[in-house]
Amino acid sequence: MKKWILAAGLCCNVAIADVAVIVHPSNGDALDKDSISRLFLNKAKAFPSGTPAQPVALAEGQSATDEFNGKVLNKTAAQLTAFWSKLVFTGKGQPPKALGSDADVISAVAGNPSAIGYVDAGAVNDSVRVVATF
Amino acid sequence: MKTKLAILTMAGLLATPAIADIQINGFANLIGGMTLDDDESVYGYDSDFNFDPASVFGLQVRGDVSDKLSATAQLVGRGSEDYDADFEWAYMTYVLNNNFNISAGRLRMPLFKYSASLDIGYSYHWLTPPDAIYGIDFNNIDGVRVDYMNYSGDWEYGAQLTMGRVETDTTISGTPAALELKNVVAVSFEATRDWFSARTLLARGTTSAVNEDFDTFVEGMSAFGAAIPNATAAAEGFSVNDDTGTFFEVAVDIDKYDWFVGAEFTQTEVDGSVIADNKAWYVTAGMRFGKFTPHITYEVEEADNGTQLGLVAALPSTISTGDAVTDATWAFVYQGAAGIAAQQELDVSAVTVGLRYDVEPGFALKTDVTWYSDDLNDLNDATLLKVGVNYTF
């Protein structure tokens, strides 16, 4: 019986691993889901404070990527591809650069006051500030 | 030769070290189709399976000249043009601020809801958007476009101002003609809130079309102006020469992901020309079941030739000047005018049922069946089957 509970706990921890949205420690902006979504979908180009924003994505296949796309952007991978193809081929925008791992995103955000990224909540360290978790 | 030059230019762009950041994207729509009966033809297809009418391949290169300035070129090969590669877009964009940017060069004219991504089949559910609205002779314009976008609360909205000129091939009374639109000004607005979106566009431009046979006919008619007062007005009313064209479009879309519905309406008028007032619309709906998207569309296109018929009605069918040759010539001109005016009427509709299958992000397989119906002439009715692949990278 205990084993079953443990197994269930394990399964669900993996399935609902939180995704943390991170910015540079010097960035004091408060961001909600909509404003984060706008920054990552080329609809807003700056933080509420006016600082230009440079979103950094995480490569496909990373666990936080699907979580973020689904929970924050409300899009499946196919929808997101269709969305960006429309912008790319109309000259309206380019998707954020995708980095290979949580660590890469954290170091990119830690080194750039304009950056905003997302990683697995478990990977966050003191070099970045978490603005929201989903 | 054109292709070689284009590729060399592309290669030159790629090799230019001055442009620091270069993005290359591409798309491919390989679409084959055939009508299901031997003597049927529609949208360029007949009963022999054919890839040419709608297949499109494209490559886009974009380079950032600076933070604010970028250059974009799109090289496109269409099956309908023997895959001759052509620079359909070549423009520079300057980002004024977070809300405004300005593009200049040869760019897409945002006439319709799907204009911007017309060649990106992956971005919509059909293999090709409804012909009633999207089957026009031009989609690009040489000029300037100002794009504005912003958001307020839950709404995202934008506006576009496009100005320039268009030169393209068209047909008048079934024969090829050179169409020229000058002083084109188009204003569009769009708004999106979560699952709801709407857009509208108003455009006008000075329209001229040159076709030797047709021009000879118009001149012949106006030559009778001295004898038949209404002939001058009829000749003016038939010619497509610096006539004011107006275009209106509106589209709405509801997309709840599990299902979606959309509709679009357009109205085209070219005052004082043989081109009949045209109205077209479609409604479409679909559902998404995982990787499968079944959908259905009903489209209608109508052209009202009342004005043209009115010009003919004001003319005498025969005259008697005493000169047999003159009288016979007029009878011939009159018959021609009556025939051309009658030809401008259009009343067609179509039902399309299709299925999209998303293989992976950027890659979809589709099949559509279209039942096309010409309410003026049943002989033009046709059933069209299309299968195809959309790819983008």
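Figure 1. A:N42 is partly exposed, with 18 other C-beta atoms within 10 Å. A residue is called buried if 20 or more other C-beta atoms lie within 10 Å of its own, exposed if 12 or fewer, and partly exposed in between, with C-beta atoms placed from the backbone. This is a predicted model, in which local features need pLDDT of at least 70 and side-chain atom pairs count only at pLDDT 80 or more, while totals for chains, interfaces and linings use all residues. Residues are numbered from 1 along each chain as its sequence is written, and chains are lettered from A and ligands numbered from 1 in the order in which they are written. You will find A:N42 in the loop between α2 (33-40) and β2 of chain A. Helices (H or I, at least four residues) and strands (E, at least two) are DSSP runs, numbered from the N terminus. A:N42 is not a glycine, yet its phi is positive, at about 70 degrees. Most residues other than glycine have a negative phi.

**Figure 2. B:Y257, a loop residue of chain B.** Is B:Y257 buried or exposed? With 12 C-beta neighbours inside 10 Å, B:Y257 counts as exposed. Look for B:Y257 in the loop between β10 (243-255) and β11 (259-270) of chain B. Here too a residue other than glycine has a positive phi, near 65 degrees.

**Figure 3. Helix α5 of chain A and what covers it.** Chain A has 5 helices and 5 strands, and from the N terminus on they follow the order α-β-α-β-α-α-β-α-β-β. Of the 134 residues in chain A, 34% are buried. Which residues of helix α5 (residues 102-110) of chain A are buried? They are A:D102, A:V105, A:I106 and A:V109. Viewed down the axis of α5(A), these buried residues fall within an arc of 100 degrees, so they line one face of the helix. The arc is that of the directions from the helix axis to the C-beta atoms. An α-helix has 3.6 residues a turn, so residues three or four places apart point the same way. The cover over the buried residues of α5(A) includes β1 (19-23), β2 (54-58), α3 (63-71), β3 (97-99) and β4 (115-120) of chain A.

**Figure 4. Helix α3 of chain A.** The buried residues in α3(A) include A:A64, A:T65, A:E67, A:F68 and A:N69. Among the elements that cover the buried residues of α3(A) are β1, β2, α4 (77-88), α5 and β4 of chain A.

**Figure 5. A run of paired strands in chain B.** Strand β5 (100-108) and strand β6 (residues 140-152) of chain B pair in the antiparallel sense over 9 bridges. Two strands pair if DSSP finds at least two bridges between them. Along this pairing, B:I102 stands opposite B:V146 in β6(B). How many bridges join β6(B) to strand β7 (residues 155-172) of chain B? There are 11, and these two strands run antiparallel. B:V144 has B:M163 in β7(B) as its bridge partner. β6(B) and β7(B) form a hairpin with 2 residues between them, and B:G153 in the turn has a positive phi of about 60 degrees.

**Figure 6. Where chain B touches chain A.** Here 20 residues of chain B are in contact with 16 residues of chain A. Two residues are in contact if their C-beta atoms, placed from the backbone, lie within 7 Å. On the side of chain B that touches chain A, β1 (21-35) and β5 (100-108) of chain B each supply at least two residues. β1(B) gives the most to this side, with 3 residues. By class, the side has 6 nonpolar, 11 polar and 3 charged residues. Ala, Val, Leu, Ile, Met, Phe, Trp, Tyr, Cys and Pro count as nonpolar, Asp, Glu, Lys and Arg as charged, and the others, Gly among them, as polar.

**Figure 7. The largest nonpolar core.** A nonpolar core is a set of buried Ala, Val, Leu, Ile, Met, Phe, Trp, Tyr and Cys residues joined through C-beta atoms within 7 Å. The largest one has 58 residues, and those with the most contacts inside it are B:M221, B:A234 and B:A337. Helix α6 (residues 324-343) of chain B provides the largest share of this core, 6 residues. Leaving out residues up to four places away in sequence, B:M221 touches B:A231, B:A234, B:A235, B:V333 and B:A337. Another core, of 26 residues, lies apart from it, and includes A:I22, A:A44, A:A64 and A:L99.
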